[in-house]
Amino acid sequence: FCPREAAGAQLQPGMATAEGTARLLRRAVERGALHPLNVRGLPLASRGPASAPVAGQQPSQLSVAAVGFGAYRVGGGDKEPSHLAALRSALRVGVNLIDTSSHYSAGEKGSGSSHGASERLVGQAIAEAIAEGDVDRDGLVVCTKLGHAELGKPAPPGAVPIRPEGQGANQDVWHSIHPEFVDAEVRASRERLGTPPDFVLLHNPEYFLSAQMQQRVPIGEAWDEMYERLGQSFEALEALCDEGVISSGYGVSGNFLSCMFSTTGRGNLYESLALDRLVDVAAAAAARRGKEGGHRFRIAQLPLNAVEAGAVLGRGGAVPEAAEGDCVLGTRLGLGIVANRPLNALPLPGVSTGDWGRQGATHWQLRDKTPMGAVESLLKRVLLEALQAEGGVLEGDASKIPLQHLALKLSLSSPGVSSTLCGMRAEAYVEDAAAVLKQAPFSAVQVCPCLNRRALRCPALGLCRACAGPVVAVGWLPSSHGSKRRCRWCALPLRSWAARSAACGETVEGVLAPFVA
């Protein structure tokens, strides 16, 4: 169900090391390509028996730049040469974290070369960069992900369909985290990359929950079954780490409890992942392999941008268990947090030109363009005002700062974030990342109030004042003042919040303080 790559391809020796990654980024700092505060760390699992991070101890770390190369729409198709050139350029400006996935590709879906196309291009770029002396293998952190089966192939063991009903369901699109599939996919990824991946992440395992929700399985039963499956997957990943097929560790890329949206674009609750429970499952999986107290779960990857900020601010107004953002929780658990989609926010109902999974714009692009959209213009102005109010250092004329620089810098500056992945399939995108990496990040003291103040303009941005979630009517309730529209996330009457806001003024103290940390 997951064919290996053609035999005979030679693997690039080596792996990311603490010494090698620190050396590469030190040189980038010395030549002015990287601000010292944009050198971050990912926890490094031991190469011998697994060991979990110990509270109070500083774990050994891999050094990573605050911006990583996201290889989502890279490889395959007629633009491969420009994708390759962009990745090579990113490596030269100090980007040393590369994130891809087995199903990433810019080629035509379903074509014979689509599955694994991004990994093959990443492997080619790494081999060329090493051969030409741009980098050493021990300075690069290579991450890949798995879960999506190759299109047009029979369903792998334990597979679920990943298209929700009513959105063009296609029973040939499968997702699996079954141990046999995990083992085969990781080995195939290693061959395509031409080097052992340093980290392998399960890609949106919550698709299993999406399938369970379609079948109306009670949430408790669905969650218990998913974590049982995840435990088996983690055992397979631990075994691959023991064997050296994976160099450093593993993790999960998904939509955790503090994230606003689920992987299918719904309000995030039933389909969400609980980060602390994942760590417990990893510890249990390692224990079953005779490694008491030790595991190699090291990375959580999640969406974080100027619109979807729950991973930093929490979402306690909607889900009490998510009052603490997963960036903070992950740091406390000793994990590395990698953010994605800093420049692509999911659309908010009633504001975007399109909806998730339907024709039209599926993301807000947080990027300057001509003409500038009304929502993007408002968001940029609100962010600039908030940063200046909090003492944020903005180089040059603030009004001329591109929205993409502002949004990327805000994401990588968020508390607990080790690196933010940015899609850089073109040289212009590499230039944006390079410009941001040269600048000092915002401080945590500036970031959180900035995101809070962004929420003050919630009505204009399509957000609920109470929980900063998208405003979607779930019913009209009669009252002495007429009907009241309610937020889907926190169920508070929207009209009463608007009235309260008008009465007390647009201030954090008056509106958001009880709900946003």
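Colleague: Which residues are buried in α7?

Modeller: This is a predicted model. In α7, the buried residues are L275, L278, V279, V281, A282, A285 and A286. Each counts as buried because its relative accessible area is under 20%.

Colleague: What makes you say that the buried residues of α7 line one face of the helix?

Modeller: Look down the axis of α7. The buried residues fall within an arc of 160 degrees, so they line one face.

Colleague: What covers the buried residues of α7?

Modeller: The cover includes two helices, α6 (219–243) and α9 (326–332). It also includes the strands β9 (249–253) and β10 (297–303).

Colleague: What follows α7?

Modeller: G290 does, with a positive phi near 85 degrees.

Colleague: What is the hand of the crossing, left or right?

Modeller: α10 passes α11 in a left-handed crossing.

Colleague: Which residues meet where α10 and α11 come together?

Modeller: From α10, they are E376, K380, L383, L384 and L387. From α11, they are L403, L406 and L410.

Colleague: Which residues of α12 are buried, and what covers them?

Modeller: Helix α12 spans residues 427–437, and its buried residues are V430, D432, A433, A434, V436 and L437. Their cover includes β3 (67–70), α2 (80–92) and α11.

Colleague: How do you know that I130 touches Q12?

Modeller: I130 sits in helix α3, residues 117–131. I130 and Q12 are 118 residues apart in sequence, and their C-alpha atoms are 9.3 Å apart. The contact is judged on heavy atoms within 4.5 Å, so I130 and Q12 count as touching. Leaving out residues up to four places away in sequence, I130 also touches V135, D136 and R137.

Colleague: How many helices and strands does the protein have?

Modeller: It has 16 helices and 16 strands. Of its 517 residues, 56% count as buried.

Colleague: What share of the contacts with a separation of 6 or more comes from residues 24 or more positions apart?

Modeller: Such residues account for 72% of those contacts.

Key
Residues are numbered from 1 along each chain as its sequence is written. This is a predicted model: local features need pLDDT of at least 70, side-chain atom pairs count only at pLDDT 80 or more; totals for chains, interfaces and linings use all residues. Side-chain values use heavy atoms; hydrogens and water are left out. Buried means under 20% relative accessible area, exposed over 50%, partly exposed in between (1.4 Å probe, protein chains only). Helices (H or I, at least four residues) and strands (E, at least two) are DSSP runs, numbered from the N terminus. The arc is that of the directions from the helix axis to the C-beta atoms. A crossing is left-handed if the near helix is turned anticlockwise from the far one by less than a right angle, and right-handed if clockwise.
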